[in-house]
Amino acid sequence: MCGIVGYVGDEQAAPILLDGLRRLEYRGYDSAGVAVHDDGRIELVRAVGKLRNLEKALTENPLTGTVGVGHTRWATHGRPSEINAHPHIAGPIAVVHNGIIENHLELRQELEADGFGMSSDTDTEIVAHLVHRETKAGRDLLDAVRRALAQVEGTYAIAVLSTEQVDRVIVAKNASPLVIGVSREAMYCASDIPALLPYTDEMLFLEDDEIAVLEATRFSLSTLEGAPVERETQRISWSPVMAEKAGYKHFMLKEIFEQPRALEDTLRGRLDRESADVNALEIGLTDEDAKKIERVVLLACGTSHHATVAGRYWIEELTGLQAIAELASEFRGRDAVIGEGDLVIAVSQSGETIDTLMAAREAKQKGAKVLAIANVIGSAIPRMADASFYTHAGPEIGVASTKCFMAQLANLLMFSIWLGRRRGAVDDAQATEIVEGLARVPHLIEERLQSTHESIKDLMRTFADAHDVLFLGRGLSFPMALEGALKLKEISYVHAEGYAAGEMKHGPIALLDAHVPVIVLLPRDRHYDRSLSNLQEARAREAKIIAITVEGDSQAQALCDAFVEIAPTHEALTPFVSVVPLQLYAYCVADHKGTDVDQPRNLAKTVTVE
Ligand code: AGP
């Protein structure tokens, strides 16, 4: 998704903008650009492809000036090209934009009829011309942006410069994210926190339909209708180092290795080992609320959806309530039956995924209560939700989610225990086993990470050239099979399918031969014997078997071409330990193939288009 940065201060803007764009690279992009006020003019440099191309263009064409905006573009309207890259200029105005202007065709016709010539195929250029039309009518920049935005339908985060008011950047948002960074000497804006971390930890999250004027030493906030807004800034405790690679070859590998810490931070202060319970005061739901819930509906996309499938199993098992895990994108537009008595749990690493946001919003409008599980504080989904239960995984930069998935699993299991305890569905013994076991999981993962990485680096070579890979699991291992397949697909571009092991004989078995590796998840749980039978069925079709087995499981290991051992755990905790080798397998195959692990082709970290 597109990334925006802006700077107003007394230092040279271009290097700060470029640095901010680099920190937003994980969002995915195909072109980039910056615009800076220089001596009464707006100077623009844009380039297609990676940021190094923009950097080169800036070396050939240096920009001087202390106020500017920058952008990484992920094409939606108009192919990736220099002309379509942002910023877009119209007269004295420059605009960068993240989102989609839905009525752009209609507005384009209207503007062209008014004599405004377009130079790109983008929807964004329309916004620049709309603002220009308003300034031509004599309005100041703030008023012009307000009036321009009143004419657009769709989603946006924008930052606007004008040669007529060179000391400021105007920012506004609807649905797409925008955060303002506040320091004594300068104001910043960006699509996401990591872009601003080296400069300030004091931030303010713009709400929908708000607009702000950023000047070097102050900012003012108001609604699009013009009502002043007073809101405190928040202190963000993430350090810039948390968003750097720290010696790892890729962010994804660093984030896989950070999982014990991400889990510890997420569990901290929440697991109440003394009473085998979960302290969830922060959620703001009372014991009475817990008793009134009739059904739980989990909404999410992609990896977060896989966490919710595990969440569904935990909720049913530990609370006795019916739970369903829905793809947010499928929940929408079909008039889903939902309402009072339903608790919706919307799960999202970014907290900004538009499908999840819109689906949760629809559920709320129909009377359901919405609980957000998100990693980015103050992001859109927690803001619209009735209650929030944040994961504390720290910034996740790799496009392929790993540590946030781990933290989502933790929050979903903790919430299930909390709800189960309130509803009297979990007894002390069961709760003690799970709570105690969960507290030990970070250590169980930590002690095997290095050796698992080494053994996967080794065994992966035999299978890395496969064109198709099948992942099988039952019960809680089924969503991990889905996640293992998604990880492999997204970063190594190998076709992979995650399947419920019992479903293999209903179709995918036809694919099996000596060229198809099958990765079977075999924790020692209630499904073990049946999963072992499925493994043998695959083996009988000459498929190559890689098993994820509990340490010392010689019975399963004897039936495999290769195996990776996981620590024994309570069966409710198996997802935490079994997903790690799957993440490492995907990573090692991708690294072996030399793909762009942290920014896989066509993918974006935060998906703010439908
Ligand atoms: C994860 O590896 C993916 N890149 C993707 O599926 C992601 O999980 C999905 O887009 C949802 O994002 P969210 O958690 O920020 O809502």
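This passage describes the ligand site of a predicted model and then a set of individual residues.

The structure is a predicted model, in which local features need pLDDT of at least 70, side-chain atom pairs count only at pLDDT 80 or more, and totals for chains, interfaces and linings use all residues. Residues are numbered from 1 along each chain as its sequence is written, and side-chain values use heavy atoms, with hydrogens and water left out.

Thr353 places a polar side-chain atom 2.4 Å from an oxygen atom of the ligand. The side chain of Ser304 has an N or O atom 2.6 Å from a ligand oxygen atom. Thr303 uses its backbone instead: an N or O atom there lies 3.1 Å from an oxygen atom of the ligand. The protein buries 92% of the 420 Å² that the ligand exposes when taken alone. These accessible areas come from the Shrake-Rupley method with a 1.4 Å probe; for residues, only the protein chains shown count as cover.

The ligand sits in the largest pocket. Pockets and cavities are found on a 1 Å grid over the protein atoms alone: a cavity is a set of points where a 1.4 Å probe fits but cannot get out, and a pocket is an open set with protein on both sides within 12 Å along at least five of seven lines; lining residues have an atom within 4 Å of a point. A molecule sits in one if more than half of its atoms lie within 2 Å of its grid points. Helices (H or I, at least four residues) and strands (E, at least two) are DSSP runs, numbered from the N terminus.

Backbone geometry stands out at several loop positions. His86 and Pro87 are joined by a cis peptide bond, with omega about 0 degrees. Pro87 is in the loop between strand E4 (67-73) and strand E5 (88-90). Ala175 is not a glycine, yet its phi is positive, about 75 degrees. Ala175 lies in the loop between strand E8 (165-174) and strand E9 (179-182). Its relative accessible area is 5%, so Ala175 is buried. Buried means under 20% relative accessible area, exposed over 50%, partly exposed in between (1.4 Å probe, protein chains only). Tyr493 also has a positive phi, near 65 degrees. This residue is in the loop between H15 and strand E23 (495-500). Tyr493 counts as partly exposed because its relative accessibility is 27%.

Thr124 lies in helix H4 (residues 124-136). Thr124 counts as buried, at 1% relative accessibility. Its C-alpha atom is 9.1 Å from that of Asn84, 40 residues apart along the chain. Glu326 is in strand E18 (residues 322-327). The relative accessible area of Glu326 is 14%, so this residue is buried. Ala372 lies in strand E20 (residues 369-374). Ala372 is buried, with a relative accessible area of 0%.

Two further positions complete the survey. Ile397 lies in the loop between strand E21 (387-388) and helix H13 (403-422). Ile397 is buried, with 7% relative accessible area. The C-alpha atoms of Ile397 and Asp598 are separated by 7.6 Å, although the two are 201 residues apart along the chain. Gln599 is in the segment after helix H18 (574-593). Its relative accessible area is 15%, so Gln599 is buried. The side chains of Gln599 and Lys50 are joined by a polar contact of 3.0 Å.

Terms used:
A polar contact is a pair of N or O atoms within 3.5 Å; within protein, one must be able to donate a hydrogen and the other to accept it, and residues adjacent in sequence count only if both atoms are side-chain atoms.
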